[in-house]
Amino acid sequence: MSAIDWNRMKHDVKIEILNKQHKQLFDTLRALYEAMEDKSDKKALGKVIDNLLLYSKEHLETEEAILEKYGYPDLEEHKKLHEFFVKKINEFHQAYDDHNVMLYFNLAIFIKSWIVNHIEQVDKQYVPFLLEKGAS
Ligand SMILES: [Fe+2]
Ligand SMILES: [Fe+2]
């Protein structure tokens, strides 16, 4: 497994604040891979989880507020996927105390699949809609 680089072709959602926040998730995945290299440093994993908790609040709320502002028709469905993300991150947060080695791998798989399935697919779906509405 390896980190993923943010890529304009695949990940650009044309809204600067959302791109900036998405890039933070890529950075967090990279930090997770670094934390994996020395699993005795539990603090590094703690920081990754803190960043994910922050991302699940800041980014998801910002994205939903923008979609709401422009009347995005698939907002409710999109929100449900975000709720799933928040639930999973909270589960990882709870599992942190056990400091199980598998936690690193499970978390990395989850973040990676979120980038591939959510940012690359689901988030990209709102791009033509927002462009048409003139959002920036
Ligand atoms: Fe997003
Ligand atoms: Fe999203």
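Student: In which handedness of crossing does H4 pass H5?

Tutor: The model is a predicted one, and the two helices in question are H4, residues 75-95, and H5, residues 101-125. Their axes lie 11 Å apart, and the crossing in which H4 passes H5 is left-handed.

Student: Are H4 and H5 roughly parallel or roughly antiparallel to each other?

Tutor: The angle at which H4 and H5 pack is about 165°, and an angle over 145 degrees counts as roughly antiparallel. H4 and H5 are therefore roughly antiparallel.

Student: How many nonpolar residues does the contact of H4 with H5 have?

Tutor: On the side of H4 the contact is made by His-78, Leu-81, Phe-85, Lys-88, Phe-92 and Ala-95, and on the side of H5 by Leu-103, Leu-107, Phe-110, Trp-114, His-118 and Val-122. Sorted by class, these comprise one charged residue, two polar residues and, as the number asked for, nine nonpolar residues.

Student: How are H2 and H5 oriented, roughly parallel or roughly antiparallel?

Tutor: The axes of H2 and H5 come within 10 Å and cross at roughly 155°. With the limit for this class set at over 145 degrees, that angle makes H2, relative to H5, roughly antiparallel.

Student: How many residues of the contact of H2 with H5 are nonpolar?

Tutor: H2 passes H5 in a left-handed crossing, and among the residues of H2 that meet H5 are His-22, Leu-25, Leu-29 and Leu-32. The residues they and their neighbours in the contact meet on H5 include Leu-107, Ile-111, Lys-112 and Ile-115. By class, the contact has one charged and one polar residue, while the nonpolar ones number twelve.

Student: How many charged residues does the contact of H2 with H3 have?

Tutor: H2 and H3 pack with their axes 10 Å apart at an angle of about 165°, and they are therefore roughly antiparallel. The contact includes Gln-24, Leu-25 and Glu-34 of H2 together with Lys-47, Val-48 and Glu-58 of H3. Its residues divide into eleven nonpolar, six polar and, for the class asked about, four charged.

Student: Is Ala-44 buried or partly exposed?

Tutor: Ala-44 has its place in helix H3, and, leaving aside residues up to four places away in sequence, it touches Glu-34 and Ala-35. A residue is buried if 20 or more other C-beta atoms lie within 10 Å of its own. Because Ala-44 has 17 C-beta neighbours inside 10 Å, it counts as partly exposed.

Student: What is the phi of Lys-14, given that it is not a glycine?

Tutor: Lys-14 is found in the loop between helix H1 and H2, and it is partly exposed, with 14 other C-beta atoms within 10 Å. Although Lys-14 is not a glycine, its phi is positive, at about 70°.

Note on methods: Residues numbered from 1 in each chain as written. Chains lettered and ligands numbered in written order. Predicted model: local features only at pLDDT ≥ 70, side-chain atom pairs only at ≥ 80, totals over all residues. Axes fitted to C-alpha atoms, helices over the stretch in contact; angles between N-to-C directions. Helix = DSSP H or I, 4+ residues; strand = E, 2+ residues; numbered from the N terminus. Parallel < 35°, antiparallel > 145°, perpendicular 65-115°, else oblique. Left-handed = near helix turned anticlockwise from the far one by under 90°. Contact = placed C-beta atoms within 7 Å. Nonpolar A, V, L, I, M, F, W, Y, C, P; charged D, E, K, R; others polar. Buried ≥ 20, exposed ≤ 12 C-beta atoms within 10 Å, placed from the backbone.
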